[in-house]
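Subject: Model handover

Hello,

Here is the model for you to look over. My notes follow below it.

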Amino acid sequence: MALPPHETESADGPHIPGRPGQEVPQLEEPTTPREPLPPKQDQSGPEVYSPTGAPADADPEVRAQSGAYLTTAQGLRLPDTDHSLKAGERGPVLLQDHHLREKITHFDHERIPERVVHARGAAAHGVFRGYGTASAVTKAAFLGKDIETPVFVRFSTVLGSRGSADTVRDTRGFATKFSTTQGTFDLVGNNIPVFFIQDAVKFPDIIHAGKPHPDREIPQAQSAHDTFWDFVSLHTEATHHTLWNMSDRGIPRSYRMMEGFGIHTFRLVNEQGGTTLVKFHWKPRAGVHSLMWEEAQIAGGVDPDFHRRDLADAIEAGAYPEWELGIQTFPDTPEQTFEGIDLLDPTKIVPEEWAPVQPVGLMTLTANPSNYFAETEQVAFHPGHLVPGIDITDDPLLAGRLFSYLDTQISRLGGPNFAQLPINRTHAPVNDMLRDGMHQTALHTGVAPYHPNSLDGGCPFQAGAGAGGYVEVPLAMNPQAAKVRAAPASFDDHTSQPRRFWLSLTPIEREHVIAAYTFELSKCYENTIKERNLRVLADIDPELCSQVAAGLGLPAPEPSAPLAQVDPSPALSQLGASWPVDGRVLGIIADENSDLAALARLRGTALENGMVPLVVAPHGGELAGGGAAPVVVQRTFANARSVEFDALLVSGVPAEGDDAYGARDVKAGQGLSSEGTDPRVLLLLSEAYRHSKALGAWGGGGDVLSAAGCPEGLPGIVVDDDPGTVLARVTDLLATHRVWDRFPTAAFHS
Ligand code: HDD
């Protein structure tokens, strides 16, 4: 997919970000009223319908800040919003100033409670197109061939507050709202296919343990503390999820590069009433990629919004993120197991080698929200928002969720009418009898909000399955079942699946896991907690346990039982394949002495390849000189940090005698400065090298790479006279995300 240029380039005017050809708003304060700005190109988002079925867009008056003049909430035009009403210019402020009171009162109440979990998130609009491949197993209309359904997706971290950093080690939420014609379907999943607990009654326990300590409220958005490791070592059903958290999955490179999982087993129903058990998977077209731990920590400081910026920038640049939705299918037998795996246990996966993920549709995210609060903050997901053709199973974790999500919205969104908020409105006609309540905005008509009635002619009528009604699968209950607080014996195995995950990772991925456990446990104060966690690790793998123990300076315990005999599942590793480079960020370090014509050509090729090339220079504005057209600068040595770039190039100077060399006062071979290379450039390059990123240079740029400690000849260092050759080889390296063979062990770049 080709990206449009990132900024408007012009040799003779200021360079203002925006799409080519798009009118850019004036930056000075306007002195005369203007018409509302036209909607941004391809930012219209899905059509939103009010509960009465009328498009919300139909009445622009209800949209705030769209008219020319400032008004009160009552529509009264205001002559002045900069001064309170006073008795004389230096006199006391008058209580009768309604505008002052309304403005401040509203401000005082602008905040709503943040989500108790998943408080920090970023979202986008898009479209889902069904392939029609699922029609044998489900009658869900939105999965039909070429049916397009608007979606709204919110990605999130779990533990942190709304203002916490994006790149912390944590599970990521991946919640999708499908606005289908049959009603809303929410797939409220995570980027990890298993959960910490098997029963929803334990949810407050795991979350209390993961959240900051209740006395000092530290640490923020971290699992590296005593209460978390205390709980997960005592409650070993958390082991599998914790191991995934400690793997590279816990620090994604981008929301665009994460898998998503529905986790629970769902029950699909086809037109004939036949049922199939399934697990939902989202597969990113860009591949599954992660940050290095050091990158995640640096980004937490230099750009706490790293992931939300990445998502928004990619969409803005036209590199639309895409995921295929897939299903693993299992026969709906009375045991509800597959190859011995209990499908009702949310701490277990079914290896993809045993049950392949079958693609059923494609999701493309195409538009950023235009109002964070109205959309990303107020969106309300619920795993019980289902459509005909998709039913639940008796997974005890799912049962508790079906209660919790509705309950939480009532306090978070201030009452029971949150479904009427624009972002939550279904695209199907609504004909409910849910009257009144806080923030009721629907104008229900009719005199008989009850069923049955005669006064409204019996309306609305109930819809059987034939009229599109949602009818639960009439599953037989076990009449012998005793009322107990217990789990089946199949839920007791807490080690074989973590061991399979560990065995499926490549050596580099395993080293990352060891480093992550060592870091996290080293942050615990209590030695008994470290020791108990080592005992848990001993039952997963002795090598893992002994390496972490060595890092902690503690003895490695023996396994408590023989190790589980399991085969690896290669699909669980992130490494080994090549992926499209769309949306990959390429930094090009240059200065006034660079061959600007070559630089411009190289940027053009990178854009054509779908990458986002950013010129990094000693100063902002543009680079000019040597007779070539000026080149716009996107980052400076002062504000660029290596985490932002997937690969870095150093632009060389033209060779002496070359036309582009002109009358420059540069010494060939000294690259970016005749006084020596800026130390911030050396830091950029050496960090990128340590993080196993591809580096390239042409002309004298190779000397700059050498000065940074990464000379030609080392793995993933490309130096050539021709910039085009350098770009082509670096693009190839980028397809595998990093130069994995740069270091013999991952310890250097974890
Ligand atoms: Fe949950 C939010 C995912 C178990 C209770 N959860 C929430 C979000 C995601 C998940 C992605 C954020 C939605 C958004 O962006 O607004 N949760 C999961 C997954 C689970 C899971 C994949 C296990 C498979 N959750 C779970 C349990 C409970 C909750 C067992 C309670 C018994 N979750 C909530 C909640 C939240 C929530 C408190 C907070 C905000 C919200 O619901 O709307 O109700």
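Helix H12 (residues 542–552) has Leu544, Cys545, Gln547, Val548 and Ala549 buried. Buried means 20 or more other C-beta atoms within 10 Å of the residue's own, exposed means 12 or fewer, and partly exposed lies in between, with C-beta atoms placed from the backbone. Helices (H or I, at least four residues) and strands (E, at least two) are DSSP runs, numbered from the N terminus.

The model is predicted: local features need pLDDT of at least 70, side-chain atom pairs count only at pLDDT 80 or more, and totals for chains, interfaces and linings use all residues. Residues are numbered from 1 along each chain as its sequence is written.

The buried residues of H12 pack against helix H9 (496–504), helix H10 (507–522) and helix H11 (527–538). Contact here means C-beta atoms, placed from the backbone, within 7 Å. Just after H12, Gly553 has a positive phi of about 75°.

**Nonpolar cores**

The largest nonpolar core has 153 residues; Leu685, Leu695 and Leu705 touch the most other members. Such a core is a set of buried Ala, Val, Leu, Ile, Met, Phe, Trp, Tyr and Cys residues joined through C-beta atoms within 7 Å. H10 gives the most to this core, with six residues. Domain 1 (495–572) and domain 2 (585–749) both contribute residues, so the core lies between them. Those bounds come from an automatic or database domain assignment.

**Ligand shell**

There are 27 residues around the ligand, and Arg115, His118, Arg154, Gly173 and Ser404 come nearest. A residue counts as near if its C-beta atom, placed from the backbone, lies within 6 Å. H8 gives the most to this shell, with seven residues. Strand S2 (148–157), strand S3 (172–180), strand S4 (183–190) and helix H8 (396–412) each supply at least two.

**Backbone points to check**

Most residues other than glycine have a negative phi, and most peptide bonds are trans. These are the exceptions to look at.

- Ile218 and Pro219 are joined by a cis peptide bond, omega about -5°. Pro219 sits in the loop between helix H2 (203–210) and helix H3 (226–234).
- Cys459 to Pro460 is also cis, with omega near -10°. Pro460 lies in the loop between H8 and H9.
- Asp146 has a positive phi near 60°. Asp146 counts as exposed, because it has 9 C-beta neighbours inside 10 Å.
- Ser692 has a positive phi near 60°. Ser692 counts as buried, because it has 21 C-beta neighbours inside 10 Å.

Best wishes

Key: Two residues are in contact if their C-beta atoms, placed from the backbone, lie within 7 Å.
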